[in-house]
Amino acid sequence: MPAKKTPSPATAASPAAPAPAGPPGTGLSLVQRALRKLGLVRDIDFALYLPMRYEDETRIVRIADLREGDLGQFEAVVTESEVSYRPRRQLVVTVDDGSDTCQLRFFNFYPSQQKQLAVGARVRVRGEMRGGFIGRQMLHPTIKAAGTALPSALTPVYPTVAGLAQPVLRREVRSGLARAVLDETIPVQIGLRGAWDLRASLSFLHYPTPDVSMAALEDHSHPAWQRIKAEELLAQQLSQLQARLERAAQRAPRLPSSAEPLASSLHAQLLAVLPFGLTGAQRRVGEEITHDLGREIPMHRLLQGDVGSGKTVVAALAAARAIDAGFQCALMAPTEILAAQHFGKLVGWLDPLLAARGLRVAWLTGSQKKKEREQMSAAVESGEAALVIGTHAVISEKVRFKNLALALIDEQHRFGVAQRLALRGKAVGDLEPHLLMMSATPIPRTLAMSYYADLDVSTLDELPPGRTPIVTKLVAEHRRDEVIDRIQSQISQGRQVYWVCPLIEESEAVDLRNATETRDELADTLGDAVQVGLLHSRMPTAEKAAVMAAFTANEIQVLVSTTVIEVGVDVPNASLMVIEHAERFGLSQLHQLRGRVGRGAAASACVLLYAPGDSGRVGETARARLKAMAETGDGFEIARRDLEIRGPGEFLGARQSGAPLLRFADLTTDVLLLDWARELAPVMLEKHPELAQRHIDRWLGTKAEYLKA
Ligand code: ADP
Ligand code: MG
């Protein structure tokens, strides 16, 4: 393969997947389209497409040696064969191999199969052995003629999609593997001395010899797997490091902090009006950001901190720096409710200070009246709006900034690459804005090192003082009454309650109905003195805002909602949260939700209602998982467990579509390999840039481009 940058799929396509004529996807056969869906275009894609499991067709065993549940293959003679109609039409065949007999049943069958299974025929039978009161049985086994040659390797089973049969996929992978150029890209002198080489590893993993330990294949601990995982992690590290270097070549406005903090600076004035002192962590992170902003290289920093750790203040102080330097700053939140909360808070702090400078805060959202929006846009364009807060509307094409220097993105995992790219286009001339991305889902260290290696990470690892820990309780669904008592007791103390309904059905209409029913039910039970409100993502924005305002003002005491309140909402008087069907949420998501209470001085609680389920077993696993929530209030610890249980998808959100998930390496077990890749990547980029580029292309193909956003 030529060492050029990101070959397009079309030019790198193999004869098995010819270059399409016209737009992608047209003129392709069904098989090719299915292959493409699996990301299989270039020869190397096929070679790197590894089996998820194997079948052992290399051995013939005796019927008598197969126990119930065993997958096995034997050769035997058909002794009986008949079509039976009770309880339904089926072909029932008895075979005998001298050790024992076995009954084969087929509910769908063709005349040709019937012929193949005629009395007296010798057949090779492969399937799962079942017991049963009539003796040994197999349902729908695979039948071949007896005596054909046995393969010498295990048979790979690949993940596939509808319309792509396993034998077809096997054939395609085999020929792709045969054609693929598999020269080494990891230089021997810095690489994996003595390890399996790439070609040997791939050949082995596609067609392992039957003597291999199945366990070592399945848990990816076999040396061939180690080699492949090392390659994959290296590709990921290289591409992110490359993205980082490319960024270092870009220019951003310098936002120096004056050597002596001037009392008259917005930054100092904001600090002075805050009703609290900063935590140590906020100060430290503030300094990290200040350092970045003072450089000409665009900052790409991820600010992570547990719910309630005070990320907003840190962001506001960064905004003040930008404004002090004479530039504009934008703050984007994924939902209008969240944006409104930020707006309310920041306006309260900053507006009087900005007004004294002839500046203001502007507000931009999709639901805004046209006239208001035009006014706001004009203020943004003239530079009068020093700070612009809003939803995606902030990056809409029509909005033109006078001199944007800093973009703050809250809940970054909800924003995709395209949106971050759009923000970049908003700076002055060919300058890039600095970027501060906030995440309330703490990202486990290994995940950060792996998927966020292109970013700098700041962590708020300290909560503001005076928080009372949230007590979390698991309550089985049928004890709902006790929960109602708790709600009543909180309300009688003047407190407020969140009740969260999960997304259960595919359809939002059904979810809305569920939430509405819960609201009505609670309103009934709690009586006229208590106002129960409803918040749902389908509601018109104005209505949502009205409900939120009423809840904030304690005109509503119980707020029933779907997960729209998950992010950032801040109502300190709320002291109880009930989460229904907690077992359907990820742990980190529960932690986020739970963080909506415990924001004031009152002792707060979170009740996780879970359904014990149809079979007690399901209920028990759910309960065990949820117990982690009761055991710790530390978001990082919860994130770590979540990563173990659910894998990285949960954390990465929109980033996942850009940076492909690791297919083979597992960050909970492959920490050593990750360390190796992190160490090697910079050396390789510096000393062997061409090999590095080929390595990236080989593993990530066109996907590497996404990371540059
Ligand atoms: P998050 O990190 O979850 O976004 P917020 O920025 O919303 O947290 O802060 C949570 C609450 O804590 C807010 O009410 C905020 O005003 C308050 N807060 C932030 N920093 C401090 C501090 N240093 N001391 C006391 N309260 C603080
Ligand atoms: Mg927040």
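In which sense do β16 and strand β21 (residues 604-610) pair, and over how many bridges?

1. β16 and β21 pair in the parallel sense over 7 bridges; two strands count as paired if DSSP finds at least two bridges between them. Ala476 stands opposite Tyr610 in β21. Helices (H or I, at least four residues) and strands (E, at least two) are DSSP runs, numbered from the N terminus.

2. This is a predicted model, in which local features need pLDDT of at least 70 and side-chain atom pairs count only at pLDDT 80 or more, while totals for chains, interfaces and linings use all residues. Residues are numbered from 1 along each chain as its sequence is written, and side-chain values use heavy atoms, with hydrogens and water left out.

3. The chain has an average pLDDT (the predictor's confidence in each residue, from 0 to 100) of 84, and 88% of the residues score at least 70. Mean confidence is lowest in helix α1 (residues 9-12), at 36, and highest in helix α10 (residues 280-293), at 96. Over residues 1-23 pLDDT stays under 50, and the model has 43 contacts (heavy atoms within 4.5 Å) beyond four places in sequence for them.

4. The order β16-β21-β20-β17-β19-β18 describes an open sheet of 6 strands with parallel pairing. β16 (470-476) and β18 (532-535) stand at the edges with a single partner strand each, so one side of each lacks a neighbour in the sheet.

Methods. Chains lettered and ligands numbered in written order.
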